[in-house]
Amino acid sequence: MTEMEHFQQLLGNLMSNDNELRKGAEETYESIPVPSKLSFLMQAVCSNAVLDESRQMAAVLMRRLLSSSFDEVYPALTPEMQQALREQLLLAAHDSTVASSLRFKIADIVAELARNLVDADGNNPWPEVLKFLFACVSSQGAALRETALHVFWNFPGIFGNQQQHYLDVIKQMLAQCIQDQENPKVRILAAKALSAFVLSQESLPVQRHFSDILPNFLQVVSESCFHLDDESVLKALVELADSCPKFLRVGLEQMLLLALKICGDTSLVDMRRHLGLEVIVTLAETAPAMLRKHKSIISLAVPQMLNLMMDLEDDEEWSLSDELEDDNYDSNAVAGESALDRLACGLGGKTVLPHVTPNIMQLLQNSEWKCRHAALMALSAIGEGCHKQMESMLPEIVAFVLPYLRDSHPRVRYAACNALGQMATDFAPMFQKKFHDKVIPELLLAVDDNSQPRVQAHAAAALINFTEDCPKPYLLPYLDSLVSHLEAILAAKLEELVQKGCKLVLEQVVTSVASVADTAEERFVPHYERFMPRLKYIVENAVAKEFRLLRGKTIECISLIGLAVGQQKFMQDAADVMQLLLKTQTDANELEDDDPQISYMISAWARMCKILGKDFQQYLPVVMGPLLKTASIKPEVALLDAQDIEDMQEDESWEFVNLGDQQSFGIKTSGLEEKATACQMLVCYARELKEGFAEYTEQVVKLMVPLLKFYFHDGVRTAAAESLPLLLECAQIRGPEYLAQMWHFMCSALIKAISTEPDSDVLSQIMESFARCVELMGEGCLNKEHFDDLGGILTSKFEEHFKNQELRQEKRKDEDYDEQVEESLQDEDENDVYVMSKISDILHSIFSCYKAKVLPWFEQLLPFVVNLISQGHPWADKQWGLCMLDDILEHCGPASLPLASCFLQPMLHYVCDTSPEVRQAAAYGVGIMAKHGGDGYRQACAEALPYLMQVIQAPDGRSKRNVTATENCISAVGKLLRYRSDCLSPEELLPHWLSWLPITEDKEEAVFCFDYLCDLIESNSPPVLGPGNGNVPRILAVIADGVVGEATSGSIDCTKRLANVVQQVQMSGELWSVCVRQLNEAQRKALVDLLDTL
C-alpha cells in the first residue's frame, strides 16, 4: 500500500465505531509530522478517488489544523506550495458536482485559510479568493452560489480593508441571493450570511446600510420555520437581536409579530417556538426602550408565555416523589417562566406589570389547576423585574396568595409556597417585617402536611427563604413555635429515613433548622439539645450515596447552629463534631468530584474556624489539602467553531461565548462554584487565624495571585483580591524580609489587575485590597516602575470615567430614551462613582505613606481631580474629587500650597453646595487646611468662616439629610479656633461654637469637638465657661447629650476626659445641684453612666 492509501485507511479508522480502533487511529494521526499531515489531508480532500465520507473527514481535520496550528503549518510551506494549496482549494470548492456536504466543508477550509491570511491591518494577500466569490455568486448554478455564500457566512471579514470599496457590491450580492425564489438553500444561506456580516460590523452606519434587506431576511425566517423545517435563520435573528438590535429597528413590528406567530404555533416543535419567544425576550434585554414602544406586542407576548407555563403533565405521583428531578429547561413551562422573568427584568415593572396582573388574576379564578399554578409561578417570576411596582401592592398580593396554600391541588399549593418564598427573597427584609404574622403560621401549617412530601418540602424551602432574611426581632416571637414544629417534623422524618429511606423533606427541614438558628443566634441556646443529637446521628449514619446531599446539609446545619449558640455552648459537642468532620474529610479522597458534601464540608470547616478561633489551628493540616485542591481546580476550555458547538449543544455543563466569525469560546462550568467557595474559605482562615495561618501564606499567595486573572468566575477573582492584604497580615510574624518578598510577588499583579479587570464590582475589591496592602507595607513598598504603571492606569480610569459620562449624555439624546433608560444610566453612573471612591482609597493610602514625596508623581493626575470638582459635574464627582484633595491637604500639609490655586476657591465655594455630601467633603477639607495647611492657607481659613456659619445656621441644618454636613462644618469651625485662631476672633466665636454642640452623627468629628471642649474647660477659657461659670449647665447638657448619642463611644480617652470634667463639677457642690436641676431624666442618667466609667 502507498502512503496515501495508508492515510485513507487511517481516515476510515478515525470514523470507526470501534473505540479501540478509533483511539489507535487518533494516536497515529497525532504522530504524523504537521507538514506531512497537511499534504495528506489536501490530497484526500481534492481526490475524487477517495470516498466522500473520508474526504469530508479530511476536510474537517484540515480546517482544524489550519485553525489551531496555522503559524506552524502555513509559513513552513514554500511560496510555490502556498500558492498551489490556495489554487487547489479554490478548484475543489468550485466543483459543483460534489455533494453539498463535502463542498461546504471545503468552503470552511477556504474561509479558515482566508481568516488567517488577512492581517491586522486588513490586508488580504489572497485576491483570488475574492474573484472566486464574485464568480460563484454570479454563476447560474445554485450550487456555486451556495458555496460563495457559505464562505462569506463563515468569514464575513474576507474583504479586509477593501470592504468599504466593495460595500455596495456585497449588498447587491446578498440582496439578489436572498430573493432567489427558485433556490431555498440560496435564500437561507444569504440570510445567514447577511446576519453574520452585520454582526461583524461595529459601525452602526454600515449596519444600517443593509437594513433595507431586512424585510427579505424576515421573509426567509418565516419560510424556513414554517415550510422548510430549518431554524438556522431564526437562530441568526436571535443573534442579531442580541448584538445588533438597532439594525432591526426598521422591521421591528414585522419581526415581533413573526416571532409571536412562531411562538404561538403549536404545530411547530417546542424548541422552535422557544426561539421565536427568545427573539422578543432578547430584545427586552438588549433594546428595552425600543421594545417598550410596542405595547401591543407586549400585551400579546405575556399570554403566550403564560400559555407555555400551563403546558404541564397531570401526574398523580408527582407530589409523592422523594426525588427532586432537575428542571427540564427544554420544557414549555420552564421556557415560559424564564421568558416572563427576563421580560420583566428587561422592560421593567412599569411596562410589564399592567400586562401581567390582569392575566394572573383571571388565571387564579380558573377551575383548571394548571391555570392557577401558572399564575402563582408567574408571580414568582416577575418579582425581581417588577420590584418597585409590586412593593406597594404586597398587602393585596399576600392576601390573595395565602389561600392557595390550602388549594385542592398539590401542584397549586407547591406554587403558592414558591411565590411566598420568592417574595421573601425579592422583598427582604421589608416582606418579613410586614407579613411575619400572616406568612409564618401559614407556612408552618403547610410544613405539617405529611400527605404530600413534595409540597411539604417546598413549604420548608419557603420557610428557609423567609427566616434567613428575617430581622432577628421579628423572628423571636415565633421561635418557640418554629422550634416545636421543626423538632416534631425532624423526628418524624428521621424515622421515615430509617424505615423507608425517604429523605426529601428531611433535607429541607434540616436547612430550615439551620436558617432559624442562624437568625436567632444566642436565643437558640435553650433549644440546642433538641436538635444536636439527631443531627449528629444523621451525619454518622446517612453514609449511602443517595444520602450525600442530606449529609452535606446536616453538616452545614450543625456548623451554623454552633456559630449561632457560640463556643461555650457548642464545646460540649465540638470534639464529636470535629471527629465526624475529620472522618468525612479523610474519606474525601474517595468522594466523586460532583459530591455535594465537598462544598458543604469546605464551608463547615470555615464556620468551625470562626467558632473555635485559634484552637482551630491544629486542624489545618487535615483541612488545607482538600481545600487547596478544590481552590486549584482548572476548568476545561476550548476554542470551537459552529460545528463543534452543534456537537456539544446537548452537554449542559458547557457554556459558550460567541467570538464572531463562527467561532466561540467554550468552558465547562462544573466545579467553578466549588472553586469560588474554596477560595472564599481561604480568605476566612486568613482573616480569623491571623499569624496562626502564617505557615500556609506562601502556598496560598502562590495560588491566589494568578487567580486575579481567572476570568471564568467573578467570585474567584474577588476572593483572590480580598485574600492578599489578609495574607500580608498573617505573614507579618515571619519578619520584614519575608513580608517584602511576598509583597514583591503580588504587587505588580495587583496593579495589572486594576488595569485589566472587566467587572466593576471585582475591580472595586481589587482596588480596595491594593490600598490596604500599601497601608500595611508603608513607604518604600512601591518602586518607580510601580508608580509609572499605576499613574498610567489611574489616568486611564479617570479618562474612562469622563468618557462614560459623555456616552450617557449621548444616550439621553437617543430616540429611545425614556424614564427606564434613565434609571439604567443612573445605575451605570453609580458603578462609575464607586470606582472613583476606590481611586480615592488608593490615593489616600499612597499619600498617608509617602506624604509630600509623592506630589511630583500626583501632578499627572491633578487635572483629572480638578475636572471632577469643576462646575457642571455631578455631586458625586465633586464629593470624591474633594476627598482626594482633602488627603493632599492632610498628608502633604504646607507642601500642597503650590497646587492650591487649582482647588482652593472651588473648595471654599462648595462648603455651601446644594448637595450635603459635597458640603461635608468641602467642610472637612477646610478643617484639615486649618490643622495641617500652615501659614500659606491663613487667608483661605479666614474666608471659609462665613461659608461654614451659613451652613450651620441654616434652618434645616440638623435634618436627617443635612446633619452630617452641618456637623462637619461645626467641627471645621472648631479646628479654625484651635489651629488658626490668629485669623479669627475667638472671644466672639467660641460662645457660638459652644451653642452648636453637641455633634453626635459623625463620630470622628465628635471626638475632636469634645476633646477641644475639654481643652478649653481645662484651660479655664472665659468665653466657654462664661461669667461666673454661667455656661457650665449648658456644657454639662452638651456632654450628656453627647453620651446619649454615643458620640465618643469609639474613644476611651475622650470619654474619660469628659467624665473627669463632670466629676470636677460634681465636686463643686452647689454648682452641681444647679446644673442637675436643668437636665432632663435622660441627660441625668447619661451623666451617671459616664461617671461610672471612671
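This is a predicted model: local features need pLDDT of at least 70, side-chain atom pairs count only at pLDDT 80 or more; totals for chains, interfaces and linings use all residues.
Reader: Why are H8 and H10 called roughly parallel?

Author: Helix H8 (residues 142-154) and helix H10 (residues 184-199) pack at an angle of about 20 degrees. Angles under 35 degrees count as roughly parallel, and H8 and H10 are therefore described that way. Their axes are 9 Å apart, and H8 passes H10 in a left-handed crossing.

Reader: Which residues make the contact between H8 and H10?

Author: On the H8 side they are Ala142, Arg145, Glu146, Leu149, His150, Phe152 and Trp153. H10 contributes Lys185, Val186, Leu189, Ala190, Lys192, Ala193, Ala196 and Phe197.

Reader: What makes H50 and H52 roughly antiparallel?

Author: The angle between helix H50 (residues 1003-1018) and helix H52 (residues 1032-1044) is about 155 degrees. The cut-off for roughly antiparallel is over 145, so H50 and H52 qualify. The axes of H50 and H52 lie 12 Å apart. The crossing of H50 past H52 is left-handed. Phe1010, Leu1013 and Ile1017 of H50 meet Ile1035, Val1038, Ile1039 and Gly1042 of H52.

Reader: Why does Asn216 count as partly exposed?

Author: Its relative accessibility is 25%. Asn216 belongs to helix H12 (residues 214-226).

Reader: What does Asn216 touch, not counting residues up to four places away in sequence?

Author: Asn216 touches Ile178 and Gln179. As for Arg187, 29 residues from Asn216 along the chain, the two C-alpha atoms are separated by 9.2 Å.

Reader: Which residues touch the most other members of the largest nonpolar core?

Author: That core has 398 residues, and the ones in question are Phe217, Phe431, Phe616, Tyr685, Phe693, Trp743 and Trp993. Helix H35 (residues 672-689) supplies the largest share of this core, 11 residues.

Reader: What is Phe217 in contact with, leaving aside its neighbours within four places in sequence?

Author: Phe217 is in contact with Ile178, Ala191, Leu194, Ser195, Val233, Ala236, Leu237 and Leu240.

Reader: Where in helix H19 does the kink lie?

Author: In H19 (residues 349-364) the kink is at Val356, shortly before the proline Pro358, and amounts to about 30 degrees.

Reader: Which residues of H19 are buried?

Author: Val356 is one of them.

Conventions. Residues are numbered from 1 along each chain as its sequence is written. Side-chain values use heavy atoms; hydrogens and water are left out. The bend at a residue is the angle between axes fitted to the seven residues ending there and the seven starting there. Helices (H or I, at least four residues) and strands (E, at least two) are DSSP runs, numbered from the N terminus. Buried means under 20% relative accessible area, exposed over 50%, partly exposed in between (1.4 Å probe, protein chains only). A nonpolar core is a set of buried Ala, Val, Leu, Ile, Met, Phe, Trp, Tyr and Cys residues joined through side-chain atoms within 4.5 Å. Contact means heavy atoms within 4.5 Å. Axes are lines fitted to C-alpha atoms, for helices over the stretch in contact, and angles run from 0 to 180 degrees between N-to-C directions. Angles under 35 degrees count as roughly parallel, over 145 as roughly antiparallel, 65 to 115 as roughly perpendicular and the rest as oblique. A crossing is left-handed if the near helix is turned anticlockwise from the far one by less than a right angle, and right-handed if clockwise.
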